[in-house]
Each structure stands twice: as structure tokens, then as C-alpha cells.
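Subject: Structure for your files

Hello,

Here is the structure I said I would pass on. My notes on it follow below.

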Amino acid sequence: MAIQGLCPKCGKRVLHVNVENVVGVVEGSSKARCLCFTCIHCNTVLGVQIDQRSKPRSRSAQAAPPAA
Ligand SMILES: [Zn+2]
């Protein structure tokens, strides 16, 4: 009944994940800090997401309208 996340590679329950800071690269240039979650047993990447905590270097990124 309980939801059990299983690593797709080693099949162990994912009770812990390694969290690594990685950089999202768009067309060859670094665009955003991301978080990479990997299985602590086999280091398989389980997911990557944008790091919401970090702010981009350009201050114009906070809900700025795409006005020229
Ligand atoms: Zn694993």
C-alpha cells in the first residue's frame, strides 16, 4: 500500500538519495543550477531538477515580462 520508490537499476528502495549540484547547460552555456539525485546504492541518476533555492546571476529573472 505504501508508496515505495525503487531504484530502476538496482531495485533497492530509495530511502535516501545523493544530491549533487550540477549545472544546466543550454546550447553550450551554463544557464541554471540544478540538483541531481542519484541512488546511494548504485549512483544511478534518478532525477534532475532546477535548484529553486539558487538565484540566477542576472537579476532580471524574477518574473520579468519579455518586453524588449
Ligand atoms: Zn540503485
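What percentage of the 68 residues of the chain count as buried? The figure is 1%, where buried means that 20 or more other C-beta atoms lie within 10 Å of the residue's own, exposed means 12 or fewer, and partly exposed is in between, with C-beta atoms placed from the backbone.

Two points on how to read the rest. The model is predicted, and local features need pLDDT of at least 70, side-chain atom pairs count only at pLDDT 80 or more, and totals for chains, interfaces and linings use all residues. Residue numbers start from 1 along each chain as its sequence is written.

The fold

The chain has three strands and zero helices, giving the pattern β-β-β along the sequence. The three strands make an open sheet in the order 1-2-3, with antiparallel pairing; two strands pair if DSSP finds at least two bridges between them. Strand 1 (17–26) and strand 3 (45–50) are at the edges with a single partner strand each, so one side of each has no neighbour in the sheet. From one strand to the next the twist averages 30 degrees, taken between N-to-C directions on a scale from 0 to 180 degrees, with axes as lines fitted to C-alpha atoms.

Strand 2 (residues 29–39) and strand 3 run antiparallel and are joined by five bridges. In this pairing, C36 stands opposite V48 of strand 3.

Contacts

Two residues are in contact if their C-beta atoms, placed from the backbone, lie within 7 Å. Among contacts in the chain with a separation of 6 or more, 30% are between residues 24 or more positions apart.

C34 lies in strand 2. Leaving aside residues up to four places away in sequence, C34 touches V22, V23, G24, V48, Q49, I50 and D51. C34 and Q49 are 15 residues apart along the chain, and their C-alpha atoms are separated by 5.4 Å. C34 is partly exposed, because 16 other C-beta atoms are within 10 Å.

The loops

E27 is in the loop between strand 1 and strand 2. Its phi is near 50 degrees, a positive value in a residue other than glycine. E27 is exposed, with 5 other C-beta atoms within 10 Å.

N43 is in the loop between strand 2 and strand 3. N43 is not a glycine either, and has a positive phi of about 65 degrees. With 13 other C-beta atoms within 10 Å, N43 is partly exposed.

Regards

Key: Helices (H or I, at least four residues) and strands (E, at least two) are DSSP runs, numbered from the N terminus.
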